[in-house]
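Have the model open while you read.

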Amino acid sequence: FPVTIKQELYITEKTYECKFVDRTIMADDTFTFQGIVGMTTAVDEKIVVLDGLLPRVSVYEFVNNDIILRDAWGKYGLQKNSLGFNRPTDLHVDKYNSVWIADNGNNCVKKFTIVGKPLMTLTHTFFDEEGVLSVCVDSVDRLHCLTNNRIVVFDATGKYIFDYKLHEDVTKPQKINTSYNKEMLYVTYTLLYEVLIYVGIVTGK
């Protein structure tokens with residue numbers, strides 16, 4: 001079971017004891033992790049890690065109790081640079097193994113293949129005004145983008161569908177994710193010194 005602790009990727013056993021199996025600090029063949037902001041697993045069980053400071057996406061496999069780096073891609077770049085990121089804050093891998101990056105510093109969302117080929121860049125006025133903090137894809141392939149004030153929803157082609165404001169109690173939102181069946185949305189946010197979770201259905205209605 002993969003988990004990130006500080007600037008390291010750990011593999012633990014799927015038990016209550018979480019027994020340590022292996023770890024790595026390397027984002028690629030040269031650089032160590034500088035600021036991990038997201039980690040998830042792909043359809044083929046590859047482990048995908050986003051470092052927001054390098055910035056870099058690292059793809060690993062876990063083979064015979066060893067973490068093996070399979071690919072690393074991404075670099076600093078502005079919005080028009082399809083390969084570049086500027087202070088990205090989250091990533092999500094959908095059921096097609098496409099990687100979605102919340103490129104907060106560039107006020108956009110970028111979509112890639114698992115090996116880093118650019119597929120799409122999404123922009124919106126809400127991203128310009130409120131940033132884009134986190135992303136996830138639901139059961140019908142709609143992309144949900146978390147800003148500081150709302151959730152903006154696009155279809156699979158990148159067409160804007162609708163948006164809805166977060167509940168007034170939700171302050172300092174951090175991350176959006178789906179349930180195991182991708183029918184529910186979860187937003188983590190900070191209230192004073194507590195981290196809380198806001199739950200809603202995927203339609204936002």
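Which residue forms a salt bridge with arginine 150? Keep in mind that this is a predicted model.

1. The partner is aspartate 163: its salt bridge with arginine 150 has the closest N and O atoms 3.0 Å apart. Arginine 150 belongs to strand 16 (residues 150-154) and aspartate 163 to strand 17 (residues 160-165), so this pair ties together parts that are 13 residues apart in sequence.

2. Have a look at how the two ends of that pair sit. Arginine 150 counts as buried, because its relative accessibility is 8%. Aspartate 163 comes out at 23%, so it counts as partly exposed.

3. Now for lysine 46, which turns up in two pairs. One of them is with aspartate 44, where the side chains meet in a salt bridge at 2.9 Å, N to O. Aspartate 44 is partly exposed, its relative accessible area being 36%.

4. The other pair joins lysine 46 to glutamate 61, and here the closest N and O atoms are 3.7 Å apart. Lysine 46 lies in the loop between strand 4 (36-41) and strand 5 (47-51), while glutamate 61 is in strand 6 (residues 56-63), so the contact ties together parts that are 15 residues apart in sequence. Glutamate 61 is partly exposed too, with a relative accessibility of 23%.

5. Salt bridges that share partners link Asp44, Lys46, Glu61 and Arg70 into one network.

6. On to the cysteines. How many disulfides are there? The count comes to 0. For a pair to qualify, the two sulfur atoms would have to be within 2.5 Å.

7. Are cysteine 108 and cysteine 136 buried or exposed? Cysteine 108 is buried, with a relative accessible area of 0%. Cysteine 136 also counts as buried, because its relative accessibility is 0%.

Definitions and conventions: Residues are numbered from 1 along each chain as its sequence is written. This is a predicted model: local features need pLDDT of at least 70, side-chain atom pairs count only at pLDDT 80 or more; totals for chains, interfaces and linings use all residues. Side-chain values use heavy atoms; hydrogens and water are left out. Buried means under 20% relative accessible area, exposed over 50%, partly exposed in between (1.4 Å probe, protein chains only). A salt bridge is a side-chain nitrogen of Lys or Arg within 4 Å of a carboxyl oxygen of Asp or Glu. Helices (H or I, at least four residues) and strands (E, at least two) are DSSP runs, numbered from the N terminus.
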